[in-house]
Every structure is written in C-alpha cells, then in structure tokens.
Amino acid sequence: MFDATEDTIGAWPFHDHVRNVRANVNRGLFGALIVRDQGAPRPDHEIPLFVHQLQGASQSETFQSPTLGHGATHTHTFASAGLVAYHCKIHGTSMAGTVNVDPSAPAGNRTVAIGDNFFNPTGVSIRPGASVTWTNGGNFDHIVFAPGGGAATFCLNGRAYIGNSPTIEVRPAQRLRWYLYY
C-alpha cells in the first residue's frame, strides 16, 4: 500500500529488484505508477512510453579492465567455452570484438591491439584456460568491458518490431498525456 500525497504527484517508473532482474524485466516486470493531481484537468488518454533495451541471455564470462592509457595492457583468462562479446566502455559498442572460447581452437594465448577506435583483430579464438591480452597502442584511454549479457534490442514498451506494437488511436480534439521513461 502506498500513500499518495502532494509530494508524490508525478509519474514513477518501477522494475523488479529481487532476483534475475534482467530476465524479469525482459518478461515485462516493469511499468509506471502515475499519481495524478486531483485539481488538474484529466486527459482523454495517458500513455506511458518506455524507451529501453531488452538484454539477451547472459554469457559465461564477464570482466572489465581498468582504464588503459597508451601502452597499458589487460589480460583475462577464459574458463569456459562460449562466445564472449566485449566493447570499449568509454567509446561504446561501435568499438567491439569477440572471443570465441572453443576447446578445438589452436593452443596458446592471444593478443589484441587497441587503436583509437578499433580492436585488431576484432575476433580471436582460444581454448578454455587460455588468456587474451589487450594492449592500448592508441592515443585515447579505453576500458575493455564484457558485460555478460547477450545481444541487446532497443524497444518501446517491450516491443521491438514493426507490427508487434499497439497503435495509439485517438479522435480529433482528444487530449493526450505522454509519460516518457528512458
């Protein structure tokens, strides 16, 4: 039970915080509580609009390097088989790579060069128990980050594709109130 007071007037987003937060949010356990001002005119339609991402199933490896200046290195040893996606936490997913941890990969450790806006190579294959070392040869700082999630999809209210989102239909002169959450 909540007490709705003058201090709580507004739109309040919520999502699950108990266990498996990503999975529960992906299943739709998020929404909005709207506390109206009783004296304000009421719109004909109130539309909460969530602009967000749904995250794919998690991968087995997660890691984050410290901030790597020019010449700095970071090494991570991969324990389990699987595809591990990573990116630069400073520059975003446009600067990304993958490590394919495969028992049939060639033996030995691998190296990845970091340039100002790229990883070279963008993909390496190693065996479980082997390491990858990233070396920053560029002029900018970088943070190598594997967030542990699968592919992300951008969504509006949990819907991502043409045809699966409900259409908002109104008549002329009707009043709408949008609540935008991001």
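1. In this note, a residue is called buried when its relative accessible area is under 20%, exposed when that area is over 50%, and partly exposed in between (1.4 Å probe, protein chains only). By this scale Arg177, at 29% relative accessibility, counts as partly exposed.

2. The model is predicted, so local features need pLDDT of at least 70 and side-chain atom pairs count only at pLDDT 80 or more, while totals for chains, interfaces and linings use all residues. Residues are numbered from 1 along each chain as its sequence is written, and side-chain values use heavy atoms, with hydrogens and water left out.

3. Two salt bridges are counted, a salt bridge being a side-chain nitrogen of Lys or Arg within 4 Å of a carboxyl oxygen of Asp or Glu. One joins the side chains of Arg36 and Glu46 at 2.4 Å, N to O. Arg36 lies in the loop between strand S2 (30–35) and strand S3 (45–55) and Glu46 in strand S3, so this pair ties together parts that are 10 residues apart in sequence. Strands (E, at least two residues) are DSSP runs, numbered from the N terminus, as are helices (H or I, at least four).

4. The other salt bridge is between the side chains of Arg177 and Glu46, at 3.8 Å, N to O. Because Arg177 lies in strand S14 (residues 176–181) and Glu46 in strand S3, this pair ties together parts 131 residues apart in sequence. Arg36 is partly exposed at 39% relative accessibility, and Glu46 is partly exposed at 23%.

5. The largest nonpolar core has 19 residues, of which Phe78, Tyr86, Val99, Phe119 and Trp134 touch the most other members. Such a core is a set of buried Ala, Val, Leu, Ile, Met, Phe, Trp, Tyr and Cys residues joined through side-chain atoms within 4.5 Å. Strands that each supply at least two residues of this core include S6 (82–88), S7 (92–101) and S11 (131–136). A second, separate core of five residues includes Val25, Phe30, Tyr179 and Tyr181.

6. On the surface, Phe2, Trp12, Phe14 and Leu33 form a nonpolar patch with about 450 Å² of accessible area together. Patches are made of residues with over 30% relative accessible area and no salt bridge, nonpolar side chains (Val, Leu, Ile, Met, Phe, Trp, Tyr) being joined within 5 Å and like charges within 9 Å. Accessible areas come from the Shrake-Rupley method with a 1.4 Å probe; for residues, only the protein chains shown count as cover. Trp12 is found in strand S1 (residues 10–15) and is partly exposed at 42% relative accessibility.
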